[in-house]
Amino acid sequence: GLKSQGWNTMDSMTCVVPVLVGDEGKTMDLTRMLFDRGIFVCPIVHPAVPRGMDRLRTCLMATHTDEDIDQALCAFEEAGTALGLI
């Protein structure tokens with residue numbers, strides 16, 4: 001779902017899905033906007049990653065329902081559009 005919205009998930013094939021943002025400020029803004037919509041993600045910024053590789057770390061679990069995933073995708077789309085990221 002994230003890929004179809006235009007997010008770069010760095011070709012992850014695991015339950016830990018990075019969402020590359022590439023800008024520290026926008027990464028932090030996106031983190032807050034998602035949190036405000038009920039979605040918890042971890043921002044990963046410099047010095048943990050090189051500058052320009054700032055990202056969010058999302059984790060999908062077996063306990064997430066289809067509704068949970070739909071809520072997360074909706075939040076990503078709303079926040080990403082508002083920030084001009086997608």
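**Entry 1: contacts and overall build**

I began with the contacts in the chain that have a separation of 6 or more, and residues 24 or more positions apart account for 61% of them. I note here that the model is predicted.

Next I looked up the secondary structure. I found three helices and three strands in the chain. Going along the sequence, I wrote down the pattern α-β-α-β-β-α. The radius of gyration is 12 Å, close to the 12 Å that the globule rule gives for 86 residues, so I put the chain down as being as compact as a globular protein of that length. I also looked up the box that the C-alpha atoms fill, which is roughly 35 × 25 × 20 Å along the principal axes.

**Entry 2: surface and charges**

I looked up how much of the chain is buried: 33% of the 86 residues. The chain exposes about 5300 Å², and I noted that carbon and sulfur atoms supply 57% of that area.

For the charges, I have 7 positive and 12 negative in the chain, and their mean positions are 9 Å apart.

**Entry 3: salt bridges**

I reminded myself that side chains of opposite charge can pair when their charged atoms come close. How many salt bridges does the count come to? I get three salt bridges.

I took lysine 3 and aspartate 11 to begin with: their side chains meet in a salt bridge, with 3.8 Å from N to O. Aspartate 11 has 59% relative accessibility, so I list aspartate 11 as exposed.

I then went to arginine 32, which forms a salt bridge with aspartate 36; the closest N and O atoms are 3.7 Å apart. Both residues sit in helix H2 (residues 24-36), and because they are four residues apart there, about one helical turn separates them. I looked up the accessibility of each partner. Arginine 32 is at 49% and counts as partly exposed, while aspartate 36 is at 55% and counts as exposed.

The remaining entry on my list is glutamate 78 with arginine 37, where the closest N and O atoms are 2.9 Å apart. Which parts of the chain does this pair link? I found glutamate 78 in helix H3 (residues 66-82) and arginine 37 in the loop between H2 and strand S2 (42-44), so the pair links distant parts of the chain, 41 residues apart. Glutamate 78 is partly exposed at 41% relative accessibility. Arginine 37 is also down as partly exposed, with a relative accessible area of 30%.

**Entry 4: threonine 27**

I picked threonine 27, whose place is in helix H2. Is threonine 27 buried or exposed? Its relative accessible area is 0%, so I marked threonine 27 as buried. I then looked up what threonine 27 touches, leaving out residues up to four places away in sequence: Val21, Gly22, Pro43, Val45, Asp54, Arg55 and Leu56.

**Entry 5: isoleucine 86**

I ended with isoleucine 86, in the segment after H3. Isoleucine 86 has a relative accessible area of 32% and is partly exposed. I looked up its contacts, leaving aside neighbours within four places in sequence, and wrote down Gln5, Gly6, Trp7, Phe76, Glu77, Gly80 and Thr81. I also took the separation between the C-alpha atoms of isoleucine 86 and leucine 34, which is 15 Å, with the two residues 52 apart along the chain.

Definitions and conventions
Residues numbered from 1 in each chain as written. Predicted model: local features only at pLDDT ≥ 70, side-chain atom pairs only at ≥ 80, totals over all residues. Heavy atoms only, no water. Helix = DSSP H or I, 4+ residues; strand = E, 2+ residues; numbered from the N terminus. Rg over C-alpha atoms; globule rule 2.2 N^0.38 Å. Buried < 20%, exposed > 50% of the residue type's maximum accessible area, 1.4 Å probe, protein only. Contact = heavy atoms within 4.5 Å. Areas by Shrake-Rupley, 256 points an atom, 1.4 Å probe, with all protein chains shown as cover. Lys, Arg positive; Asp, Glu negative; His and termini not counted. Charge placed at Lys NZ, Arg CZ, Asp CG, Glu CD. Salt bridge = Lys/Arg side-chain N within 4 Å of Asp/Glu carboxyl O.
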